[in-house]
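User: Please take me through the helix packing and the sheets of this model, and set each term against its definition.

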Amino acid sequence: MRQDDKPMYVRIAESIRRDIDAGRFQAGACLPGTRSMTVALGVSRTVVLMAYDQLESEGYLESRSGSGTYVSARRIDASAGGAPLDELVAAPGEPRLSRLARRAVLPATPERNPPALDTGVIEGGLVDLAQPRVKSDPRSLKAWKQNLVALLRRRDTPDFPELQGAIELREAVASYLNVERAIEVDPDDILIVSGAQQARDLIARVLLDEDDGVGVEEPCHWSVRHTFEAMGARIVPCPVGPHGVDIDRHAAALDGVRLVNLSPSFQFPTGVVMPEDRRRALLHWACTHDAVLVEDDFDCEHRFGVRTAPSLWSLDRHGRVIHVSSFARSMFPALQLGYMLVPRQLRERFLAVKWLADRGSVSMQQHVLAACINSGQYLRDLRRIAHRLAPRHRALHAALHARLGDAMTVTDAVAGGSLFVHLPRLPRHATAALLAEALARGVHIRSAECFHRTPPDHVTLVLSYAGVSESALKRAGARLAEACLAVGEKFAMSPKRNRRIELASA
């Protein structure tokens, strides 16, 4: 910018600034009054006042009521041998981080887009089983838009969110749980949160101090471990068996832990459902050891099997269970809303910590969601989705089993949209080769290693099928099986060789 293009008050301020920096105006010197300066420069008094205000905001001048305007004594006099301010301040390093920030990490997640592949030579194109897909029905989005428009047309459109959550949504959730899930709950027991991840964060902040023990299923979703580890908790892995976590087996390791995080109704990624006797044993253990059970209702809404056991919350009579669920899993990921069922004695503490986080989850979405639940649209969508998942699960499982047989093992899941596959004849170090071979055959898959704290010695996969058609799943299953057989010829692992590999690694 040319000097002539600058406003007059800027040019006057720059001139005075140069005089101060050059030492012509010493610290503490009184500047001419605004009226005298107006006459001397031939400008309006407003222009001079703006120039003085600019220099005062920069710390060059300070005004004294009834006395005048003076050069600030806090400015360093460069002409007296003082170095410019920028030279006196050492170059700053990185800000010092809290222990929480140093422990927090961004975990590796499946690629948002599959690697580039020339699909022209692959009949039917690439089938993506790596990225969990949206299971929502198009009719869900249509109903959502209609309810949103209706809300915006009303004059009483909500402004600020309620800390515990909109009463309309809490009443709708309570009614749904009472009727459809046989979970007796009062609207006051419900805390609306911004997704399941915020629920975990609140639980950690309310119940945990650094070095407290936390029992976590092994394997489990990586976000569970990362949340508690970031808080400084000591993780106690609890291996998941054919019937879930066996508290009698892990009681000694869990001695002294503050809470145990579980998914008894649909364990991810294994798909295991915990029977009622083990749930009751867990509750008995929690009561006798002063521990809290966090019941993560992961993907239970998308159930295509029969419910065989009541929830931990329904069995609890002593306020030892916190129930967590998310609508993002039930409707669409962009809906960052979930809910917690909180025991009465903990409710005030959770509200206090929630207030520190965001003072209430987004209000408008809560009212729209309540309308979807009350109209029956939410339940109809869940049933349609579950109806589609069962044949897709069978199609992928059958295509794999037809070619691999006992070379793979799969949990007989009754919910969700993923298949947890063990390939015991392929050593773990063959994982990268299998992913590449499958991709070359037109199937994008992901390893299950990230869900393990200590991965098994063989290949494990999590195949997400919810958003893939039956025909594509049959094709993908056949191609993936062929990839497994091709890689198996290079990395085949017998039980004896498996033992040798373990000893060599040790």
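User: How do H15 and H17 pack, at what angle and how far apart are their axes?

Analyst: The axes of H15 and H17 are 8 Å apart, and the helices pack at an angle of about 30 degrees. Axes are lines fitted to C-alpha atoms, for helices over the stretch in contact, and angles run from 0 to 180 degrees between N-to-C directions. Helices (H or I, at least four residues) and strands (E, at least two) are DSSP runs, numbered from the N terminus. This is a predicted model, in which local features need pLDDT of at least 70 and side-chain atom pairs count only at pLDDT 80 or more, while totals for chains, interfaces and linings use all residues. Residues are numbered from 1 along each chain as its sequence is written, and side-chain values use heavy atoms, with hydrogens and water left out.

User: Why is H15 called roughly parallel to H17?

Analyst: Angles under 35 degrees count as roughly parallel, over 145 as roughly antiparallel, 65 to 115 as roughly perpendicular and the rest as oblique. The angle between H15 and H17 is about 30 degrees, and therefore H15 is roughly parallel to H17.

User: What is the handedness of the crossing of H15 and H17, and which residues of H15 meet H17?

Analyst: The crossing of H15 and H17 is right-handed; the term applies if the near helix is turned clockwise from the far one by less than a right angle, and left-handed if anticlockwise. Among the residues of H15 that meet H17 are Pro-391, Ala-395 and Leu-404, and their counterparts in H17 include Glu-470, Gly-477 and Leu-485. Contact means heavy atoms within 4.5 Å.

User: How do the residues of the contact of H15 with H17 divide?

Analyst: They comprise 12 nonpolar, 1 polar and 5 charged residues. Ala, Val, Leu, Ile, Met, Phe, Trp, Tyr, Cys and Pro count as nonpolar, Asp, Glu, Lys and Arg as charged, and the others, Gly among them, as polar.

User: What makes S11 and S14 the edge strands of their sheet?

Analyst: The open sheet of 4 strands has the order S11-S12-S15-S14, with antiparallel pairing. Strand S11 (409-410) and strand S14 (446-447) each pair on one side only. Two strands pair if DSSP finds at least two bridges between them; S11 and strand S12 (residues 418-427) have 2 bridges. Thr-409 has His-422 of S12 as its bridge partner. Helix H15 (residues 377-404) packs on this sheet, touching S11, S12 and strand S15 (458-464).

User: Why is one side of S4 and of S6 left without a neighbour in the sheet?

Analyst: The order of this open sheet of 7 strands is S4-S10-S9-S8-S7-S5-S6, and its pairing is mixed. Strand S4 (190-193) and strand S6 (234-239) stand at the edges with a single partner strand each, so one side of each has no neighbour in the sheet.

User: Why are H8 and H9 called roughly parallel?

Analyst: The axes of H8 and helix H9 (residues 222-230) cross at roughly 30 degrees and come within 9 Å. H8 and H9 are therefore roughly parallel to each other. Their crossing is right-handed.
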